[in-house]
Amino acid sequence: MNKNPLFSIIVVSYNYGRFIESTILSILNQSFKDYELIIIDGGSQDETVNILEKYNNQINYWISEKDNGQSDAFNKGFRRANGKYLFWVNADDLLLEDALFKLNTFIIKKKYPDWIAGNTIYFSDDNTIVKCVNGPKWNDYLLDNAPIYVYGPTTIFKKDMLNEVGYLDEKLFYMMDTDLWLRFKEKGYKFKRINEYLWGFRFHVESKTAHTFFGKADLKIIKEREYMLAKNNFVYKSSKIRLQKIYKLLSGLYLKSWLDTQRLKGQKIS
């Protein structure tokens with residue numbers, strides 16, 4: 001196993017045994033092999049540990065022990081990482097076919113950018129594709145007083161960046177990725193957009209973001225957002241959020257997402 005791989009992939013898990021084998025295989029089956037796989041499990045009581053033991057020789061490092069939440073688990077993984085670039089894949093999600101090959105090609109073409117953002121395919125509990133989502137390129141004006149339009153697992157960044165701005169805020173349960181992006185932004189980092197689908201996001205009733213899809217509002221996320229914005233001295237303005245939507249409409253991103261959704265919807269994700 002390469003001691004200094006290009007990518008370090010962090011998977012954190014807790015009682016997601018029914019999903020995690022698919023997640024692991026989506027990484028192990030990548031055509032590009034210059035990566036390490038690190039899995040941090042929070043002491044699962046289901047079949048997770050048996051599955052991790054099954055792939056023991058193919059996982060660079062794994063541990064199953066009680067932790068202080070997802071952010072703590074990610075930080076454990078980041079501290080173990082030896083790769084030039086870091087990213088994570090949730091234990092119920094998938095790394096899409098040839099994602100690492102596409103990333104490597106993009107990285108070489110763009111001369112090793114610091115920060116990269118990709119696109120997402122949403123799929124249901126039975127692995128059926130539901131929709132495709134494409135994000136825009138970086139735009140200073142549109143990202144001033146508005147959300148940074150990336151999702152955690154579609155974002156790849158150099159470990160040097162994390163060492164510079166600090167690790168995930170372990171007080172945060174929902175907004176730890178957004179908090180990190182704002183700290184990157186404060187240091188002057190800007191992501192490069194790769195126009196490829198890299199990450200498959202599984203939505204299901206057990207997901208902590210289930211409220212987004214099933215109407216189960218969680219007031220904790222509102223309080224977290226207020227804390228996260230205040231600590232970064234950042235303000236969301238509704239006018240800028242509307243401008244972002246207009247930009248995505250005029251740039252054809254909504255149309256591309258819709259067309260790709262019509263083409264792929266109902267197919268099984270691979």
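# Close-up views of a predicted model

**View 1. Twelve residues form one aromatic cluster**. The cluster consists of Phe 74, Phe 78, Trp 88, Trp 115, Trp 138, Tyr 149, Phe 157, Tyr 167, Trp 181, Phe 184, Tyr 189 and Phe 191. Rings of Phe, Tyr and Trp (its six-membered ring) pair if their centres lie within 6.5 Å; planes under 30 degrees apart count as stacked, over 60 as edge-to-face and the rest as tilted. Because the model is predicted, local features need pLDDT of at least 70 and side-chain atom pairs count only at pLDDT 80 or more, while totals for chains, interfaces and linings use all residues. Residues are numbered from 1 along each chain as its sequence is written, and side-chain values use heavy atoms, with hydrogens and water left out.

**View 2. Two edge-to-face aromatic pairs**. The structure holds 26 aromatic pairs. In one of them, the ring centres of Phe 7 and Phe 87 are 6.1 Å apart and the planes stand at 80°, so the pair is edge-to-face. Phe 7 belongs to strand E1 (residues 7-13) and Phe 87 to strand E4 (residues 85-88), so this pair ties together parts that are 80 residues apart in sequence. Helices (H or I, at least four residues) and strands (E, at least two) are DSSP runs, numbered from the N terminus. Both Phe 7 and Phe 87 are buried. Buried means under 20% relative accessible area, exposed over 50%, and partly exposed in between (1.4 Å probe, protein chains only). The rings of Phe 173 and Tyr 174 have centres 4.9 Å apart and planes at 80°, so this pair is also edge-to-face. Phe 173 counts as partly exposed because its relative accessibility is 31%, whereas Tyr 174 is buried, with a relative accessible area of 11%.

**View 3. The largest nonpolar core**. A nonpolar core is a set of buried Ala, Val, Leu, Ile, Met, Phe, Trp, Tyr and Cys residues joined through side-chain atoms within 4.5 Å. The largest one has 37 residues, and those with the most contacts inside it are Phe 78, Trp 115, Ile 148, Phe 157, Trp 181 and Phe 184. Elements that give two or more residues to this core include E1, strand E2 (35-41), helix H3 (70-80), E4, strand E6 (115-123) and helix H6 (176-186). H6 supplies the largest share, five residues. In soluble globular proteins, nonpolar side chains tend to be buried together.

**View 4. Lys 240 with Tyr 141 and Asp 144**. Lys 240 lies over the face of Tyr 141, at 4.2 Å from the ring centre. A charge sits over a ring if NZ of Lys or CZ of Arg is within 6 Å of the ring centre and within 35 degrees of the ring normal. Lys 240 also meets Asp 144 in a salt bridge (3.9 Å, N to O). Asp 144 is partly exposed at 35% relative accessibility, and Lys 240 is buried at 8% relative accessible area.

View 5. In the bridge between Glu 21 and Lys 54, the closest N and O atoms are 2.7 Å apart. Lys 256 and Asp 260 form another bridge, with closest N and O atoms 2.8 Å apart.

**View 6. A nonpolar surface patch**. Tyr 141, Leu 243, Ile 246, Leu 249, Leu 250 and Tyr 254 make a patch of about 640 Å². Patches are made of residues with over 30% relative accessible area and no salt bridge; like charges are joined within 9 Å, and nonpolar side chains (Val, Leu, Ile, Met, Phe, Trp, Tyr) within 5 Å. Accessible areas come from the Shrake-Rupley method with a 1.4 Å probe, and for residues only the protein chains shown count as cover. Helix H9 (residues 238-250) gives the most to the patch, with four residues. Leu 249, in helix H9, counts as exposed at 56% relative accessibility.

Conventions: A salt bridge is a side-chain nitrogen of Lys or Arg within 4 Å of a carboxyl oxygen of Asp or Glu.
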